[in-house]
Amino acid sequence: MEPKIIGITGGTGSGKSTIVRRIREAFPDSVFMAQDSYYQSVSTFNNNTITSFNFDQPSAFDNQLLYRHLSDLKQGKPIEMPQYDFVHSVRTKETVHVEPKPLIVIEGLMVLYDQHIRDLLDLKLYVDTPADIRFIRRLKRDINERGRTMDSVITQYLEVVRPGHEHFIEPTKQYADLIIPEGGNNYRALSVLLSFIRSLGVSETGHMRP
């Protein structure tokens, strides 16, 4: 049976990764991918000038490669998934070999933006979380994990992240099959989501039920 693909999107810091973690716990033998791995390299920028590049627009991603990889996995073909260095804003030389599984989960800011990618998805999710909570989460992540300064994170958020969310991400909510408020903390919505995944024929072992 053809693998099932779930796409999860929402604004920065909305709780997409928490949803992925909940799915991974319930269906461990599955493929989990981050659209962030498909960012374009921006090697000419540094921590002081990074705010002039907009990572929150569709052209920031290599969507052609992502589409090809999702298509290959859906056809039962393995892929070499790219890896991204967020400190230096470049794609690394290393890749991760990914074998196809009955359940494939892709999460990211623009997962629902490109129609070609949307058409590959069997279930489309939008994680809806208030802007102030999302900003605080992003601030902590970028400082602690990506070597950014507080001023650069704030400037980037005001100048490109917030406008990018309003122009490109928020409108894709219309394409979602399921909207999950408050991300991974919404246990009732998660229960419905996990039940729906089982209805697709995927068991907790990751195998397709006959």
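**View 1. Arg 146 and its burial in a predicted model.** Arg 146, found in helix α4 (residues 131-146), is buried, with a relative accessible area of 16%, where buried means under 20% relative accessible area, exposed over 50% and partly exposed in between, with a 1.4 Å probe and protein chains only. Helices (H or I, at least four residues) and strands (E, at least two) are DSSP runs, numbered from the N terminus. When residues up to four places away in sequence are not counted, Arg 146 touches Asp 36, Phe 86, Val 87 and Arg 141, a contact being heavy atoms within 4.5 Å. This is a predicted model, in which local features need pLDDT of at least 70 and side-chain atom pairs count only at pLDDT 80 or more, while totals for chains, interfaces and linings use all residues. Residues are numbered from 1 along each chain as its sequence is written, and side-chain values use heavy atoms, with hydrogens and water left out.

**View 2. The largest pocket and its lining.** The largest pocket holds about 690 Å³ of space, and of the 30 residues that line it, Thr 12, Gly 13, Asp 36, Arg 141 and Arg 146 are the closest to its centre. On a 1 Å grid over the protein atoms alone, a pocket is an open set of points where a 1.4 Å probe fits, with protein on both sides within 12 Å along at least five of seven lines, and lining residues have an atom within 4 Å of a point. Grid points are joined across faces, edges and corners, and the volume is the space filled by probe spheres set on the points. Helices α1 (16-26) and α4 each supply at least two lining residues, and the largest share, six residues, comes from α4. The lining divides into six nonpolar, twelve polar and twelve charged residues, with Ala, Val, Leu, Ile, Met, Phe, Trp, Tyr, Cys and Pro counted as nonpolar, Asp, Glu, Lys and Arg as charged, and the others, Gly among them, as polar.

View 3. Seven of the seven residues of strand β1 (residues 4-10) are buried, so β1 is largely enclosed by the rest of the structure. Lys 4, Ile 6, Ile 8 and Gly 10 are buried on one side of β1, and Ile 5, Gly 7 and Thr 9 are buried on the other. β1 pairs with β5 in the parallel sense over five bridges, two strands being paired if DSSP finds at least two bridges between them; in this pairing Lys 4 stands opposite Leu 103, and Gly 7 stands opposite Ile 106. Five bridges also join β1 to strand β6 (residues 123-128), the two running parallel, and here Ile 8 stands opposite Leu 125.

**View 4. Glu 107 in strand β5.** Five of the five residues of β5 are buried, so this strand is largely enclosed by the rest of the structure; Leu 103, Val 105 and Glu 107 point one way, and Ile 104 and Ile 106 the other way. Glu 107 itself is buried, with a relative accessible area of 12%. Leaving aside neighbours within four places in sequence, Glu 107 is in contact with Ile 8, Lys 16, Ser 17, Val 20, Met 33, Ala 34 and Gln 35.

**View 5. Met 33 and the largest nonpolar core.** The largest nonpolar core has 29 residues, of which Met 33, Leu 70 and Ile 106 touch the most other members; such a core is a set of buried Ala, Val, Leu, Ile, Met, Phe, Trp, Tyr and Cys residues joined through side-chain atoms within 4.5 Å. At least two core residues come from each of β2 (31-34), α2 (63-74), β3 (79-85) and β5 (103-107), and α2 gives the most, with four residues. Apart from this core lies another, of 20 residues, among them Ile 8, Val 20, Leu 190 and Leu 193. The contacts of Met 33 beyond four places in sequence include Leu 66, Leu 70, Leu 73, Ile 79 and Ile 106. β2 and β5 pair in the parallel sense over four bridges, and the bridge partner of Met 33 in β5 is Ile 106.
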